[in-house]
Amino acid sequence: VDDVPPYFKMEPVQTQVHLERNRLVLTCMAEGSWPLEFKWLYNATELTRFSLEYRYLIPSLDRSHAGFYRCIVRNRVGAIMQSSTEVQVAYMGDFVEGERSQTVSQGEAALIQAPRIHSFPRPQITWFRDGRKIPASSRIAITLDNTLVILSSVAPDAGRYYTQAVNDKNGENKTSHPILLTVESK
């Protein structure tokens, strides 16, 4: 029987997104002359030595597990093959800031920055005022970085503003602390 160099594929391949606290099993499928030996690396750091174990298990994912995983396969011929996959971990932390206040002069534009939140992927942000969703209008806009812009502020614009963040990958949603807007008359 001729020795055959290893041929393999890694499943799943390329980039994959998993949820925090889920179990992850990376599998390195290989064919070639046995015994095949497998070694796992994470961001170029060795996770395992060469062994017969073709799977790598993470019982409970957290965001620190995101990165590049590589499987290296060798056999007694000494032939070496490798394959890698990127693991991304979907999560949503808490809003970074607490309640805050902002003052604008009547007639001036109010720029209200969206409260920061740690999340992957970047969450969808929706603005609310006193419990109602804020629709865009000729006077109100929301920028690409989710800043709420109120042109020519008037007294009725004063109120409690907050955002809701939704992570599309894990379904989590969180509501920010309020931002109290005061409109001062000139």
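Is R21 buried or exposed? In this predicted model, R21 is exposed, with a relative accessible area of 58%. That counts as exposed because the cut-off is over 50%. You'll find R21 in the loop between β2 (14-19) and β3 (24-31).

Now look at the backbone. R21 isn't a glycine, yet its phi is positive, at about 75 degrees. Most residues other than glycine have a negative phi. A44 is another case: it isn't a glycine either, and its phi is near 75 degrees. A44 sits in the loop between β4 (37-42) and β5 (45-46). With a relative accessible area of 63%, A44 is exposed.

## A cis bond in a loop

Here's another backbone detail to look for. Most peptide bonds are trans. The bond joining F120 and P121, however, is cis, with omega about -5 degrees. To find P121, go to the loop between β11 (117-120) and β12 (124-129).

Next, head to strand β6, which covers residues 55-58 and includes I58. I58 has 4% relative accessibility, so it counts as buried, the cut-off being under 20%.

Which residues does I58 touch, leaving out those up to four places away in sequence? They are N22, R23, L24, H65 and Y69. Take N22: I58 and N22 are 36 residues apart in sequence, but their C-alpha atoms are 8.6 Å apart in space.

## The nonpolar cores

Let's move on to the cores. In soluble globular proteins, nonpolar side chains tend to be buried together. The largest nonpolar core in this model has 18 residues. Inside that core, the residues with the most contacts are I112, W127, L148, I150, Y161 and L181. Several strands each supply at least two residues of this core: β8 (80-95), β10 (110-112), β12, β15 (148-150), β16 (159-166) and β18 (179-184). Which strand gives the most to this core? It's β18, with 3 residues.

Not counting residues up to four places away in sequence, L181 touches Q102, V104, A110, I112, I150, D157, A158, G159 and Y161.

Conventions: Residues numbered from 1 in each chain as written. Predicted model: local features only at pLDDT ≥ 70, side-chain atom pairs only at ≥ 80, totals over all residues. Heavy atoms only, no water. Helix = DSSP H or I, 4+ residues; strand = E, 2+ residues; numbered from the N terminus. Buried < 20%, exposed > 50% of the residue type's maximum accessible area, 1.4 Å probe, protein only. Contact = heavy atoms within 4.5 Å. Core = buried A, V, L, I, M, F, W, Y, C linked by side-chain atoms within 4.5 Å.
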